[in-house]
Amino acid sequence: MTVLLRTRVTAIGPEVADLAEGGVVILFADGSPPELAEVSVLHKTEHGPSDGAPQKGASITIGPVSTTITAVGSSAWSKVLEMGHVVISFNGAAEAERPGEICASQVDAEALVAALKTGAVITIAA
């Protein structure tokens with residue numbers, strides 16, 4: 001298994017739980033503008049990101065919650081490289097609706113919300 005990105009959660013915006021219950025998690029590197037921090041999981045990268053984007057079938061792990069990538073938008077990984085930003089939609093879609101989105105298989109919403117806490121490790125691996 002090759003780790004493409006490993007990052008640690010540093011803060012959780014006040015609107016993150018509502019979004020996660022709907023199957024969406026927005027990652028943004030530390031230092032994001034305050035209006036974006038409200039809806040974002042702020043993080044500090046520990047490894048990566050790799051030059052190459054993850055492909056369908058790669059894994060995303062958020063604390064104890066693990067899922068499989070089903071689609072990667074055309075600009076999703078370039079945003080990760082540039083500013084540590086990506087929208088992860090746990091909808092199982094075969095095609096990303098937005099260019100900056102990574103889609104993954106559905107997960108239990110309660111488990112996802114519980115996993116999103118300061119200090120949690122998020123890993124994308126192939």
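A residue is called buried at under 20% relative accessible area, exposed at over 50%, and partly exposed in between, computed with a 1.4 Å probe and protein chains only. E35 is exposed by this scale, because its relative accessibility is 54%. E35 sits in helix α2 (residues 34-37); helices (H or I, at least four residues) and strands (E, at least two) are DSSP runs, numbered from the N terminus.

The model is predicted, so local features need pLDDT of at least 70 and side-chain atom pairs count only at pLDDT 80 or more, while totals for chains, interfaces and linings use all residues. Residues are numbered from 1 along each chain as its sequence is written, and side-chain values use heavy atoms, with hydrogens and water left out.

**Strand pairing**

Two strands are said to pair if DSSP finds at least two bridges between them. Strand β8 (residues 121-125) runs antiparallel to β4, with four bridges between them. In this pairing, T61 has T123 as its bridge partner, and I60 has I124. β8 is also joined to strand β1 (residues 3-12) by five bridges, again antiparallel, and V3 stands opposite A125 there. Four of the five residues of β8 are buried.

Strand β4 (residues 59-62) is antiparallel to strand β5 (residues 65-72), with four bridges, and T61 faces S66 of β5. The hairpin of β4 and β5 has two residues between the strands, and G63 takes a positive phi near 55°. Most residues other than glycine have a negative phi, and most peptide bonds are trans. A cis peptide bond, with omega about 0°, links G48 and P49; P49 belongs to the loop between β3 (41-47) and β4.

β5 pairs with β7 in the antiparallel sense over three bridges, with A71 opposite C103. On β7, strand β6 (residues 86-89) pairs in the parallel sense over three bridges, where V87 has E101 as its partner. In strand β7 (residues 101-104), E101 and C103 point one way and I102 and A104 the other, and all are buried.

**Salt bridges**

A salt bridge is counted when a side-chain nitrogen of Lys or Arg lies within 4 Å of a carboxyl oxygen of Asp or Glu. The count by this rule is three.

| Pair | Closest N to O |
|---|---|
| R6 and E46 | 3.8 Å |
| R8 and E46 | 2.6 Å |

R8 lies in strand β1 and E46 in strand β3, so their bridge ties together parts that are 38 residues apart in sequence. The relative accessible area of E46 is 40%, so E46 is partly exposed. R8 is partly exposed at 33%, as is R6 at 30%. In the remaining pair, R98 is partly exposed at 42% relative accessibility, whereas E101 is buried at 2%. Shared partners join R6, R8 and E46 into one network of salt bridges.

**Surface charge and a loop**

E35 is one of the residues of a negative surface patch, together with E15, D18, E21, E38, D108 and E110. Patches take residues with over 30% relative accessible area and no salt bridge, and like charges are joined within 9 Å.

P33 is in the loop between β2 (24-29) and α2, and is partly exposed at 33% relative accessibility. P33 and S75 are 42 residues apart in sequence, and their C-alpha atoms are 20 Å apart in space.

Conventions
Patches are made of residues with over 30% relative accessible area and no salt bridge: like charges are joined within 9 Å, nonpolar side chains (Val, Leu, Ile, Met, Phe, Trp, Tyr) within 5 Å. Accessible areas come from the Shrake-Rupley method with a 1.4 Å probe; for residues, only the protein chains shown count as cover. Lys and Arg count as positive and Asp and Glu as negative; His and the chain ends are not counted. The place of a charge is taken as NZ of Lys, CZ of Arg, CG of Asp or CD of Glu.
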